[in-house]
Amino acid sequence: MAHPILVTGAAGGAQGSTGRQITSLLLQQGILVRALVHKLDSRSDELRQQGAEVVKGDLLDSASIHSAMRGVRRAYFTYPVTDGLLEAATTFAATARDAALELVVNNSQYQGTPGDPAFRSLTRVASFRNLQHRLADRIFDWARVGAVHLQAPPYYENVRALVTRSVAEQSTVYLPWGEDTTVIPLVGAEDVSRVAAALLANPGVPTQNAYALIGETPSVREITEALARAIGRPIRYVAITDEQWAAAVKERLGPHALDHLSHLWQTFRKGEERYQTTDAIPVVTGRNPQTLEEFFRENAGSFASSSQEA
């Protein structure tokens, strides 16, 4: 491609880091990438060494987005679980429209599968953050920039972040997920990144404007058992209340993320929706999705106890 692909969130965050993975996947194919980062540091230096054009910018600053989008025809949009999603999406969509972009791959959230009467409905949302994503999807659609929405459930990386400390210290998962039969739809950030990279790299136009990406639908018991097999020791699950969980994580999670996840757990506990894996990942990438157990095995070191490390 003669034009660089703009990738936001390219430095990567604490968990999924889809922007960073997409940047690497595109560069490996010899595709020009303009990597938008919030600050210049060792992570941006590494991207530059890989061959990316690194630019510093803020998704809430229209001037920096306008500059980053100059000469671009395709882009990836993602925004962290903090305040400002709608403002950032509106700024990005408006700038993309002015720049006549042909494709924006938007990192959204799971909203049901196409054909479901509740699909993308504004009347059935898991959290305020989920509502924001549904509105952001429509903003991109209205901008007519060829938007494609990747609608994913929580990542495997989210589960790892939630349980690493308690598993390492006590071989126990403490979460407000209710009974161990509760189903938690999940997907690996690696697969979300591969879908995005494949859509961005393909010179053709995507066949649909939304892809529901569910890699697995394990119960809480199956999640715990997969982790136990992966790290080679017994793991138990202890259900706690929403209040206990909020008190335990409030120092690590901002209020926006805490509110979103608390409402998400309540939605999963109700068990009103029958989640099913989707075929979008193998259809778009030609590869089967990463399994949760494979992810745990690749990250087994994260759950090592102090005695094991010694």
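1. In this predicted model, E46 and R20 are joined by a salt bridge between their side chains, with an N to O distance of 3.2 Å. E46 belongs to helix α2 (residues 42-50) and R20 to helix α1 (residues 18-28), so this pair ties together parts that lie 26 residues apart in sequence.

2. The two partners differ in their surroundings. R20 is buried, its relative accessible area being 16%, and this value falls under the 20% cut-off for that class. E46, at 40% relative accessibility, counts as partly exposed.

3. A further salt bridge links R43 with D41; here the closest N and O atoms are 3.1 Å apart. R43 has a relative accessible area of 30% and is therefore classed as partly exposed.

4. R269 and D242 also meet through their side chains in a salt bridge, at 2.9 Å from N to O. The pair ties together parts that are 27 residues apart in sequence, because R269 lies in helix α10 (residues 255-270) whereas D242 lies in helix α9 (residues 242-249). R269 counts as partly exposed, with 32% relative accessibility.

5. Shared partners also deserve mention.

6. As to the total, the count comes to 11 salt bridges, among them the pairs E46 with R20, R43 with D41 and R269 with D242. In general, side chains of opposite charge can pair when their charged atoms come close.

Technical notes:
Residues numbered from 1 in each chain as written. Predicted model: local features only at pLDDT ≥ 70, side-chain atom pairs only at ≥ 80, totals over all residues. Heavy atoms only, no water. Salt bridge = Lys/Arg side-chain N within 4 Å of Asp/Glu carboxyl O. Helix = DSSP H or I, 4+ residues; strand = E, 2+ residues; numbered from the N terminus. Buried < 20%, exposed > 50% of the residue type's maximum accessible area, 1.4 Å probe, protein only.
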